[in-house]
Amino acid sequence: MDSTNQLIFICGLLLCAAIFASFLSRRIGAPLLVTFLGVGILFGEDGPGGIVFNDVPLSYLACSFALAVILYDGGIHTPMKNFRQALRPAVLLSSAGVLVTTSIVALGMWWFLGTDPLYALLFGSLVAATDAAAVFLLLRQQGIKLKPMVANTLEVESGINDPMAIFLALTFTGLILAGGFDGMEGGVWSVPVGFVQQFGIGAALGIAGGRLLTFFYDRVALELGLNPIFALASGLLIFGAANILGGSGFLAVYLAGLILGNHAYRAKQVVKQFMDGMAWLAQLAMLLILGLLVTPSKLIADIPEALLISAILIFAARPAAVFISLAFEGFSWREKLFMSWVGLRGAIPIYLAIIPVLLGVPGNFFNIAFLVVLVSLVLQSTTVGIVGRLLKIGEVAAPETAEPGPLRRRPPDCQPGRTRLSLNG
């Protein structure tokens, strides 16, 4: 009984501490994601909190649940008009861009560090996904308004590039465990078949699930308080079903949220407000758990390698991915350069690094992924305003005092009505 009460107390303490820390970070301009991770570290085994937490399977389960909620909420709050406008460049960034990022990071690791090609490709896939939610948190803090097309592209990219990074991470992990294509069932053809299966099933179930949800809400009048609970349960149902059938649950839940969020029904505002709160809770829980998993004293040996990978990622891989993917999409060189610089990494690389650890692949994936994310957030977040002004991207307005929601990736000039802005990863 005492241990149960202590666990409840610790959970409440962690959440309250993270919320209070977010208030302080807003006042001093510190990156919000770093603040949440920092709270987890302070309460961890190397911090004053002294909590020893190393349950990798539980962490993966909790973070998968949290990421599903975050992406579902992101889809619900994305206007369909903006999704369609930015779909083509966002898809290019989320597919070709992720592949280019993965390849260049892997090439750099192989060339400079002599890393085995498969391990290098796995590392590249872990850090390939961006976190546009973190970008818009910073843009709002610094009062930078992006042009609609740039903002929409970054938003949609962040919603649909996670499944691609997850697919690549799982593929390269499987290849390492199998000893190459020869050891995999289906050989080299298993990769394209798996890609079609993941994204085909994920997209089909997401669209079908979203349509069924709108059909239900049009015809069934639930008690008002049950509507948001049913919406959340349905999103998790779609996510789980897609994964069980071999598809991408993250893509499915994002598309289902997109369809539901753009449909008019009686309880829509209640559902959106509830999901906003759930997304914040998921974001907090995910970052706190990842922070607790980190042991700072074990990071020191990995700092040189992480700094090299960060440099390759920030100064070579992301710019190449943007300029190659968007070569014929009508963006100016200034816009593409800005989009290259604001390709921040958030919680997703740290979450993905749990996969090879969980499956028994030897390597310091988690520590390096954490350090790469830390470098990306600190370096790019502190200079994004300067870069935006030097490139004359968007307009400068008075910074907002209210903190946006975790996945309201919409800058203030791109959404009608009350403006409300994740993470992902």
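**Close-up views of a predicted model**

**View 1. Cysteines without a disulfide.** The structure holds zero disulfides, and please keep in mind that this is a predicted model. As a reminder, a disulfide is a covalent bond between the sulfur atoms of two cysteines. Cysteine 16 is exposed, and its relative accessible area is 54%. Cysteine 63, by contrast, is buried, with a relative accessible area of 0%.

**View 2. The chain as a whole, for orientation.** The chain has 425 residues, and 55% of them count as buried.

**View 3. Inside the second largest cavity.** Rolling a probe the size of a water molecule over the atoms shows where empty space is left. The second largest cavity has a volume of about 30 Å³. Around the second largest cavity you can pick out Val105, Met109, Phe123, Gly124, Leu126, Val127, Ile309, Ile368 and Ala369. By residue type, this lining comprises eight nonpolar residues and one polar residue, with no charged ones.

**View 4. The helices behind that lining.** Which helices each supply at least two residues of the lining of the second largest cavity? They are helix 4 (80-113), helix 5 (117-126) and helix 16 (365-390). Helix 5 gives the most to this lining, contributing three residues.

Definitions and conventions: Residues numbered from 1 in each chain as written. Predicted model: local features only at pLDDT ≥ 70, side-chain atom pairs only at ≥ 80, totals over all residues. Heavy atoms only, no water. 1 Å grid on protein atoms, 1.4 Å probe; cavity = no way out; pocket = protein on both sides within 12 Å on 5 of 7 lines; lining within 4 Å. Points joined across faces, edges and corners; volume = space filled by probe spheres on them. Helix = DSSP H or I, 4+ residues; strand = E, 2+ residues; numbered from the N terminus. Nonpolar A, V, L, I, M, F, W, Y, C, P; charged D, E, K, R; others polar. Buried < 20%, exposed > 50% of the residue type's maximum accessible area, 1.4 Å probe, protein only. Disulfide = S-S within 2.5 Å.
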